[in-house]
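Please consult the sequence and the model displayed below while reading this report.

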Amino acid sequence: MRADDDWVDIELPYVFGLIGPGAIPHVTDFLADRSVTTEPLITVIKCLKEIAEKNPLSREECIGILAHRLNCGAENDPTVNGFLISALIDLEAVETMDIIRHAFDKQVVDLSVAGDVEDVEMEFGLRTRRSKPRPVYHPFFGNPLSGLAEVVSGATTGKNVEAPVGHRKVGRNDPCPCGSGKKYKKCCLQ
């Protein structure tokens, strides 16, 4: 498999349509290729998730591959790590929570993709509510704003100030802001 973007644009949708357990070794090699850019890696992550969902006998293998790549967190783009976590959430792979926590502890996860560690724990049913306020995100960049998050949470002012609507993160299970009526994770997040 070639890792250049032209190949991905031409071949990956074709491969995605024919994807199955036989493609796992090829997709795994592609995912492990450090020269591949973020966007094709996100597509490959979605392929592995799709294989696991449509072929239950391959589920554990696919989860293992995704978890292994997340375990290499510092070597990955933070956005890739966010999509790895998102795929593991969709596959209900609660058994990978220790690896997920480790990635968050190392601060190598783009929080705008699947939220913070508390969001993930709530998705897995490991907690029912947050113990600290949700991070506040810049509207054009997924990163929490340093300083603004403290002001919004009231840590600096001592008041409980709400974040401006344009700065709130849309949760995976929130209604999609596009107005489709679907959950965000089933609509514009994909």
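Predicted model: local features only at pLDDT ≥ 70, side-chain atom pairs only at ≥ 80, totals over all residues.

Residues are numbered from 1 along each chain as its sequence is written, and side-chain values use heavy atoms, with hydrogens and water left out.

**Overall fold**

The protein chain contains 9 helices and 0 strands. These elements are DSSP runs numbered from the N terminus, a helix being H or I over at least four residues and a strand being E over at least two. Along the sequence the pattern is α-α-α-α-α-α-α-α-α. Of the 190 residues of the chain, 42% count as buried. Buried means under 20% relative accessible area, exposed means over 50%, and partly exposed lies in between, with a 1.4 Å probe and protein chains only. The accessible surface of the protein chain is about 10,600 Å², and carbon and sulfur atoms contribute 53% of that surface. Accessible areas come from the Shrake-Rupley method with a 1.4 Å probe; for residues, only the protein chains shown count as cover. Among contacts in the protein chain with a separation of 6 or more, 56% are between residues 24 or more positions apart; a contact means heavy atoms within 4.5 Å.

**Helix 3**

Helix 3 covers residues 38-54, and its end C-alpha atoms are 24 Å apart, in agreement with the 24 Å that its 17 residues should span at 1.5 Å a residue. The expected span is 1.5 Å times one less than the number of residues. Because 12 of the 17 residues are buried, helix 3 is largely enclosed by the rest of the structure. The buried residues include Leu41, Ile42, Val44, Ile45 and Leu48, and also Lys49 and Glu50.

**Isoleucine 89**

Isoleucine 89 belongs to helix 5 and is buried, with a relative accessible area of 5%. Leaving aside residues up to four places away in sequence, isoleucine 89 touches Ala114, Val120, Glu123, Phe124 and Arg172. The C-alpha atoms of isoleucine 89 and glutamate 123 are 6.9 Å apart, although the two residues are 34 residues apart in sequence.

**Salt bridges**

A salt bridge is a side-chain nitrogen of Lys or Arg within 4 Å of a carboxyl oxygen of Asp or Glu. By this rule the count is 13 salt bridges. The table lists three of them.

| Arginine 59 | Glutamate 95 | 3.9 Å |

The salt bridge between glutamate 95 and arginine 59 links distant parts of the chain, 36 residues apart: glutamate 95 lies in the loop between helix 5 (78-90) and helix 6 (97-105), and arginine 59 in helix 4 (residues 59-71). Arginine 59 is partly exposed, at 26% relative accessible area.

Arginine 101 is partly exposed at 30%, while glutamate 121 is buried at 8%.

Arginine 134 is in the loop between helix 8 and helix 9 (148-153) and aspartate 119 is in helix 8, so the pair ties together parts 15 residues apart in sequence. Arginine 134 is partly exposed at 34%, whereas aspartate 119 is buried at 7%. Salt bridges with shared partners join Asp98, Arg101, Asp116, Glu118, Asp119, Glu121, Arg127, Arg130 and Arg134 into one network.
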